[in-house]
Amino acid sequence: KSLEATGAEHIKLNLGTKAGNLLSAPFTALQLPVDVIIAGPPCPPWSAQGKRAGTKDDRANAFIRVLEWIIYFIRYGGLLMCILENVMGILHSCGGAEPAMDKILRILRMFAPEFLWRVDVLCARDYLLPQTRKRVFLRGLRGTLATAVPAPLPPFGQRHIRDVLGKFPCTPRLSLTM
């Protein structure tokens, strides 16, 4: 299908450094209706590789903004479902504080009671992705569509990174930027 045939040429997003900033895009600039949101907001605030500062990390603001958009689209944009992906750290407490996912679910249930919510941990390797990382998926579904958010698909296979990369030679460690 061509892009024009999908109707995607009419989608207007104000994202990125060239077209705008997610954090400064006003709600009035968002095009309605929106049926589905699928996003993977930045994970460094909760990543083992990041600062583990949770919402005290400025990079968490993009995740929070996506949550605001979800609530807005549930209320005013006819949102039917959403999927947010993040790292395992979002499920754990940072410095004795409440785990971010617990807080997120509490806020979503308070401000979007018309949605059902489910959190699943899935291993990318089990879904033919050439990596072994576990990821957290927060999925929401409008309550008028079902009585519960369905379970994720069962694992359907694995493949090794070599299956994707082919027979490229290894990069010598000394040639890497330090």
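Select arginine 106 to begin. At 43% relative accessibility, arginine 106 counts as partly exposed. That label covers the range between buried (under 20% relative accessible area) and exposed (over 50%), using a 1.4 Å probe and protein chains only. A salt bridge here is a side-chain nitrogen of Lys or Arg within 4 Å of a carboxyl oxygen of Asp or Glu. Glutamate 98 is partly exposed too, at 34%.

A word on the model. It is predicted, so local features need pLDDT of at least 70 and side-chain atom pairs count only at pLDDT 80 or more, while totals for chains, interfaces and linings use all residues. Residues are numbered from 1 along each chain as its sequence is written, and side-chain values use heavy atoms, with hydrogens and water left out.

**Zoom out**

Show the whole chain as a cartoon. It has five helices and four strands. Helices (H or I, at least four residues) and strands (E, at least two) are DSSP runs, numbered from the N terminus. Trace them from the N terminus: α-α-β-α-β-α-β-β-α. Of the 178 residues, 30% count as buried.

**Helix 4**

Select residues 100-111, which form helix 4. This helix has 12 residues and reaches 16 Å from its first C-alpha to its last. That is close to the 16 Å expected, where the expected span is 1.5 Å times one less than the number of residues. Which residues of helix 4 are buried? Color Ala100, Met101, Ile104, Leu105 and Leu108. An α-helix has 3.6 residues a turn, so residues three or four places apart point the same way. Now show what covers these buried residues: the cover includes helix 3, strand 3 and strand 4.

Next, pick phenylalanine 111, also in helix 4. It is partly exposed, at 43%. With Phe111 they make a nonpolar surface patch of about 290 Å². Patches are made of residues with over 30% relative accessible area and no salt bridge; like charges are joined within 9 Å, nonpolar side chains (Val, Leu, Ile, Met, Phe, Trp, Tyr) within 5 Å. Accessible areas come from the Shrake-Rupley method with a 1.4 Å probe; for residues, only the protein chains shown count as cover.

Select aspartate 120. Is it buried or exposed? Aspartate 120 is buried, at 10%. Its side chain meets arginine 139 in a salt bridge of 2.9 Å, N to O. This pair links distant parts of the chain: aspartate 120 is in strand 3 and arginine 139 in strand 4, 19 residues apart. Arginine 139 is buried, at 16%. Together, Arg118, Asp120 and Arg139 are linked in a network of salt bridges.

**Last stop**

Select proline 41, in the loop between strand 1 and helix 3. Proline 41 is buried, at 7%. Beyond neighbours within four places in sequence, its contacts (heavy atoms within 4.5 Å) include Phe63, Val66 and Asn86. Jump to asparagine 86, in strand 2. Asparagine 86 is buried, at 2%. Its contacts include Trp46, Arg135 and Val136, again leaving aside neighbours within four places.
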